[in-house]
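Hi everyone, thanks for coming. Let me put the structure up, and then we can walk through it together.

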Amino acid sequence: MQTTGFNIVDYPMFNLDRPQESMSVHIEVRASGRIDAEKLCRAIWRATETHPMARARMQAHHEGVTRYKWEIPARMEHLPLEVVDAGTQAEVSDARARLQSLPISLLASPPFAVTLVHHKGGDYLMLNVNHAAGDGMATFRLMTSIVRQYAGEADPVPDLDPLAARDLKNLVGSRNTAERIRRIGMFLDFLWQARKEPVRIKPKGVSVRDPDKAPGYGFHLMKLSQKESRQIMARRVKPATINDMLLAGLIRTIRLWNDNEGGRKGRISVMMPMNLRPQEWWFEVFSNIVSMVMVSLEGDEQTGDLAQMMTRINEQTAQLKEAGATGVLVDMLEVPLNLPSILKKRLNDVAPTFLGRNYVDSTVLSNLGRLASPPNFGDAGHVVECYFTPPCHMPLGASVGAATIGDVMHLTLRYRNAQFSPEAAQEFGELYRAVLRGDVD
């Protein structure tokens, strides 16, 4: 059987996975028509044949091992599909929350689960991918393969070894001693910024604040109209990107929310996953080919207009890209790799206490960007909606995912059940939407 080692990002994603807050990467699409369950089963089987890591399982190991490995069976071992008939949107929401709160075992193939929700307004196809196996772009690529296979369309892949492509050190690792020293300096700068504990989003509407006693996730989905999407995109001030604007808007939203709810003021930081795939295969390869960077604004930088804030964010993101900051995490994550398995898992137990104070950001924003033309389900119609979110461990409490199809932006707020009630999550999400539109000063 073919095997491949965990890459540098697989390790922390595996070690952070907990039953109470699974490291699930969430993506879902909505078709205009009805998806046939039997036909979908065949499409999922064929899709995993295209992507080796989509049918991977973790090799058995003992607590003394220092490196983990994936096994790649010739075919996935079972089909993790649930079919739900939903008469209301509340039932759709329940199916979504149940799927994304589900811990996905890596001991059996495949490392994901699927829910098909039949609804009179069009069916939903939802994926929960364990983040140890794949990132947001990987999850979107798997969904694309499933949709293409369902429609009977070709599903071409680039001419490269998808397992060799997972080597992040080869992609963005330090090339020489001078570069490594510069990156160590950038990491020390991060530690210096982290001397100030970042602001936490003020919880609302929950009676239980202990995350272990209120497990799982909830979601608030926002499909912007074409007019609204264009209105928001038109507010971008060059050279800032749409992503810079989304980051600035999220920081402004947290500041306004905490002002209204009596939360803390201070440094607000946002973790931002960055795709490390080269442009020629930007949307390709199911794996973790991603790094994380952080942008932040101090309290006095959060009170200008949104144009000023996105300009400041753009200065940071441009500097991070120019300095090769995406490689810093890749270099730094090499340090704990030689710890035995028992200590790696122990890091997860101490992280909420040790790291939660200063080194965990206020929130996460992950943007898939502008996707290709809407996939076609064939006899089930076109994809009319696409929603996506990264996981959000406490003390983050909430994360935002963005995906744009054509001229229509889809924003999704994911939240821990210890952070928001559904009503509070809707209030926070709609505040973010209003900030982006310019309806809120």
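Let's start with a question: which residue in β4 does Arg 57 stand opposite? It is Glu 71. One thing to keep in mind as we go is that this is a predicted model.

That pair belongs to β3 and β4, two antiparallel strands joined by two bridges. They are part of an open sheet of three strands, ordered β1-β4-β3, with antiparallel pairing. β1 (2-5) and β3 (57-58) are the edge strands, each with a single partner, so one side of each has no neighbour in the sheet.

Next, please find strand β2, residues 24-31. Eight of its eight residues are buried. In a regular strand, side chains alternate between the two faces of the sheet. Here Ser 24, His 26, Glu 28 and Arg 30 point one way, while Val 25, Ile 27, Val 29 and Ala 31 point the other way, and all are buried. β2 pairs with β7 (residues 124-130) in the antiparallel sense through seven bridges, and in that pairing Arg 30 stands opposite Tyr 124. β2 also pairs with β12 (residues 383-389), again antiparallel, over six bridges; there, Ala 31 has Val 383 as its bridge partner.

Now for the cores. The largest nonpolar core has 60 residues, and those with the most contacts inside it are Ile 35, Trp 70, Leu 125, Leu 142, Ile 146 and Phe 377. Helix α4 (residues 136-151) gives this core its largest share, eight residues. If you zoom in on Leu 142, its contacts include Ala 47, His 51, Phe 112 and Phe 286. There is also a second, separate core of 44 residues, with Ile 201, Met 309, Met 409 and Leu 436 among them.

Let's move to the other sheet I wanted to show you. This open sheet has six strands in the order β8-β14-β13-β11-β9-β10, and the pairing is mixed. Its edges are β8 (217-223) and β10 (290-297); each has a single partner strand, so one side of each is left without a neighbour. From one strand to the next, the twist averages 20°. β9 (residues 268-275) and β10 run antiparallel and are joined by eight bridges, with Met 271 partnered by Met 294 in β10. Helix α7 (residues 226-233) packs on this sheet, touching β11, β13 and β14, and its direction makes about 85° with that of β14.

What angle do α7 and α12 make where they pack? About 60°, with their axes 8 Å apart, which makes α7 oblique to α12. The contact is made by Glu 228, Gln 231 and Ile 232 on the α7 side and by Arg 433, Leu 436 and Arg 437 on the α12 side.

A quick check on α12 itself: at 1.5 Å a residue, its 16 residues should span 22 Å, and the end C-alpha atoms are 23 Å apart, which agrees. Buried residues in α12 include Phe 428, Leu 431, Tyr 432 and Arg 433. Just after the helix, Gly 438 takes a positive phi of about 95°.

Last stop: Arg 255, in helix α8 (residues 242-261). Is this arginine buried or exposed? Its relative accessible area is 13%, and buried means under 20%, so Arg 255 counts as buried. Its contacts include Lys 265, Ile 268 and Gln 302.

Definitions and conventions. Residues are numbered from 1 along each chain as its sequence is written. This is a predicted model: local features need pLDDT of at least 70, side-chain atom pairs count only at pLDDT 80 or more; totals for chains, interfaces and linings use all residues. Side-chain values use heavy atoms; hydrogens and water are left out. Two strands pair if DSSP finds at least two bridges between them. Helices (H or I, at least four residues) and strands (E, at least two) are DSSP runs, numbered from the N terminus. Axes are lines fitted to C-alpha atoms, for helices over the stretch in contact, and angles run from 0 to 180 degrees between N-to-C directions. Contact means heavy atoms within 4.5 Å. The expected span of a helix is 1.5 Å times one less than its number of residues. Buried means under 20% relative accessible area, exposed over 50%, partly exposed in between (1.4 Å probe, protein chains only). A nonpolar core is a set of buried Ala, Val, Leu, Ile, Met, Phe, Trp, Tyr and Cys residues joined through side-chain atoms within 4.5 Å. Angles under 35 degrees count as roughly parallel, over 145 as roughly antiparallel, 65 to 115 as roughly perpendicular and the rest as oblique. Lists of a residue's contacts leave out its neighbours within four places in sequence.
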